[in-house]
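Please read them with the sequence and the structure open.

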Amino acid sequence: MLSKLVKSAAVIALAMCSLNANDFSAGAEKDRLAVIKYLEAKFADPEKNRNTFFPYSTDEELKNDYDKNLKHNDFGIGSYSYSKDARSQYEAIKEMPPYEDGIEKGEELYNKKFANGNSLATCFPDPTVGGIYPYFDEKKKELVSLTSAINDCLRANGEKEWNTQKGDMANFQAFIAYSTQEAGKKFDIKIESEEAKKAYENGKQYYYTQRGYLKLSCAECHIQGAGQRVRNEKLSPLTGQVTHFPVYRLRWDELGTLERRMSGCVVDQGQVPPKDESTQMKELLYFLAYMSNGMAIDGPDVRK
């Protein structure tokens with residue numbers, strides 16, 4: 001009888017732990033589903049939804065350049081998902097992608113021995129982990145981004161840390177992203193404690209807060225403004241915004257990390273960006289990554 005009671009208590013305890021873990025991500029999941037619902041409604045029929053979502057678009061572009069009936073996973077390629085003209089250019093570039101040598105260089109870096117005999121393969125025995133970063137380290141009570149994890153590995157092994165925005169860092173991340181994509185893995189960001197929940201909320205607050213002399217927020221461009229034209233480009237959507245990094249941007253003429261793109265975007269808004277390995281940057285990336293949960297890793301990729 002006592003044995004049965006102990007087993008029953010253990011089952012109940014496990015169930016409560018599972019329930020509590022789910023509770024920590026309940027608000028984030030509600031946010032994610034709400035954004036998906038909004039974007040799917042927006043791009044169900046842009047021409048028909050002109051007055052609601054596209055008051056400044058021309059009749060011609062609404063009729064000829066916007067795709068419609070888009071669903072959640074369609075947004076993984078950003079603005080190329082709804083801009084027919086941009087997508088045709090994107091598909092042409094993808095026939096001979098300019099980032100392939102970056103993947104090869106990244107693989108070489110993965111296997112290259114440090115002075116102490118270890119390597120990045122020692123720190124990342126499974127290279128198909130592109131969809132779990134950033135994650136909240138429950139022991140250290142802090143977020144770990146892929147960039148910080150790589151530099152932590154280098155520092156711990158007596159090696160010089162890398163530039164966080166390009167070069168070896170971008171090439172190695174290209175190898176990680178490609179390996180993850182080849183394994184068919186998706187974003188799977190966890191929120192399993194009150195501290196992790198707070199980190200998510202801080203990232204969300206940053207995304208929605210107006211800053212800088214232009215008084216813009218990230219959300220104004222990539223939720224309300226998703227699909228709207230700024231000069232000759234259509235703004236990308238929040239959903240799927242981080243699935244394809246690192247990216248080879250034509251204006252950079254090289255691969256760059258997610259931190260590089262985020263910093264550039266923040267500067268364009270008239271703001272001072274957080275440092276790449278700072279808590280504030282990691283919190284922003286944590287929010288972004290959670291909002292892409294369930295979407296396939298498709299990096300590295302190319303963007304204008």
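Are K234 and E61 buried or exposed? Both K234 and E61 are buried, and the points below, which concern a predicted model, start from this pair.

1. The side chains of K234 and E61 meet in a salt bridge, with an N to O distance of 3.6 Å. Because K234 belongs to strand 4 (residues 233-234) and E61 to helix 4 (residues 59-64), the pair ties together parts that are 173 residues apart in sequence.

2. In total, the structure holds 21 salt bridges. One of them joins K190 and D188, whose side chains meet at 3.2 Å, N to O. Through salt bridges that share partners, E61, D65, R229 and K234 are joined into one network. As for the K190 and D188 pair, K190 counts as partly exposed at 44% relative accessibility, and D188 likewise counts as partly exposed, at 38%.

3. A further salt bridge is formed by the side chains of K141 and E138, at 3.3 Å from N to O. K141 is partly exposed, with a relative accessible area of 43%, while E138, with a relative accessible area of 28%, is also partly exposed.

Terms used: Residues are numbered from 1 along each chain as its sequence is written. This is a predicted model: local features need pLDDT of at least 70, side-chain atom pairs count only at pLDDT 80 or more; totals for chains, interfaces and linings use all residues. Side-chain values use heavy atoms; hydrogens and water are left out. A salt bridge is a side-chain nitrogen of Lys or Arg within 4 Å of a carboxyl oxygen of Asp or Glu. Helices (H or I, at least four residues) and strands (E, at least two) are DSSP runs, numbered from the N terminus. Buried means under 20% relative accessible area, exposed over 50%, partly exposed in between (1.4 Å probe, protein chains only).
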